[in-house]
Amino acid sequence: MALEHANDANFSDMIAGGITLVDFWASWCGPCQMFGPIFEAVSNKFPDVKFVKFEIDESNRRTPAKFGIRSIPSVLAFKNGEVIEARTGLMDADTLAAWVMELKG
């Protein structure tokens with residue numbers, strides 16, 4: 001599945017159904033730049049899971065504040081709109097894929 005991009009305005013709709021992983025990131029963040037291609041590659045292995053990128057910038061501060069995002073990259077896992085787990089920091093593809101498998105149960 002192709003990555004989708006969220007912002008404060010469309011975030012609730014993006015996480016509403018099923019399992020959704022949201023990568024909170026910023027263009028100035030080195031680890032975020034390294035994680036981006038990993039997140040995208042793993043998204044292609046799980047077409048039944050939604051993978052969303054949320055860039056933290058001046059116009060998108062409400063959502064990260066709501067979920068207490070203090071470090072990036074941070075990935076929040078949602079199920080039907082509710083946070084079920086969060087992980088912070090750079091993950092390799094195997095770790096991210098294993099986590100997705102756990103979330104799918």
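The legends below describe close-up views of a predicted model.

**View 1. The disulfide between cysteine 29 and cysteine 32.** A search of the whole structure finds 1 disulfide, and it is formed by cysteine 29 and cysteine 32, whose sulfur atoms lie 2.4 Å apart in this predicted model. The torsion about the S-S bond of cysteine 29 and cysteine 32 is about 75°, and the disulfide is therefore right-handed. Cysteine 29 and cysteine 32 are both buried, each with under 20% relative accessible area.

**View 2. The open sheet of 5 strands.** The strands follow the order S1-S3-S2-S4-S5 in an open sheet, and their pairing is mixed. At the edges stand strand S1, covering residues 4–6, and strand S5, covering residues 82–88, each of which pairs on one side only. From one strand to the next, the twist averages 25°. Helix H4, made of residues 93–104, packs on this sheet and touches S2, S3, strand S4 (74–79) and S5, while the direction of H4 makes about 160° with that of S5.

**View 3. Strand S3 and its pairing with S2.** Strand S2 (residues 19–25) and strand S3 (residues 50–55) run parallel and are joined by 6 bridges. Along this pairing, tryptophan 25 stands opposite glutamate 55 in S3, and aspartate 23 has lysine 53 of S3 as its bridge partner. Of the 6 residues of S3, 5 are buried, which means that this strand is largely enclosed by the rest of the structure.

**View 4. Strand S3 and its pairing with S1.** Strands S1 and S3 also run parallel, and 3 bridges join them. Here histidine 5 stands opposite lysine 53 in S3, and lysine 53 is likewise the bridge partner of aspartate 23.

**View 5. The β-α-β unit of S2, helix H2 and S3.** Strand S2, helix H2, which covers residues 30–43, and strand S3 together make a β-α-β unit that is right-handed. The two strands of this unit, S2 with residues 19–25 and S3 with residues 50–55, are the parallel pair joined by 6 bridges.

Methods
Residues are numbered from 1 along each chain as its sequence is written. This is a predicted model: local features need pLDDT of at least 70, side-chain atom pairs count only at pLDDT 80 or more; totals for chains, interfaces and linings use all residues. Side-chain values use heavy atoms; hydrogens and water are left out. A disulfide is a pair of cysteine sulfur atoms within 2.5 Å. Buried means under 20% relative accessible area, exposed over 50%, partly exposed in between (1.4 Å probe, protein chains only). Two strands pair if DSSP finds at least two bridges between them. Helices (H or I, at least four residues) and strands (E, at least two) are DSSP runs, numbered from the N terminus. Axes are lines fitted to C-alpha atoms, for helices over the stretch in contact, and angles run from 0 to 180 degrees between N-to-C directions. Contact means heavy atoms within 4.5 Å. A crossover is right-handed if, with the strands pointing away from the viewer, the path from the first strand over the helix to the second runs clockwise.
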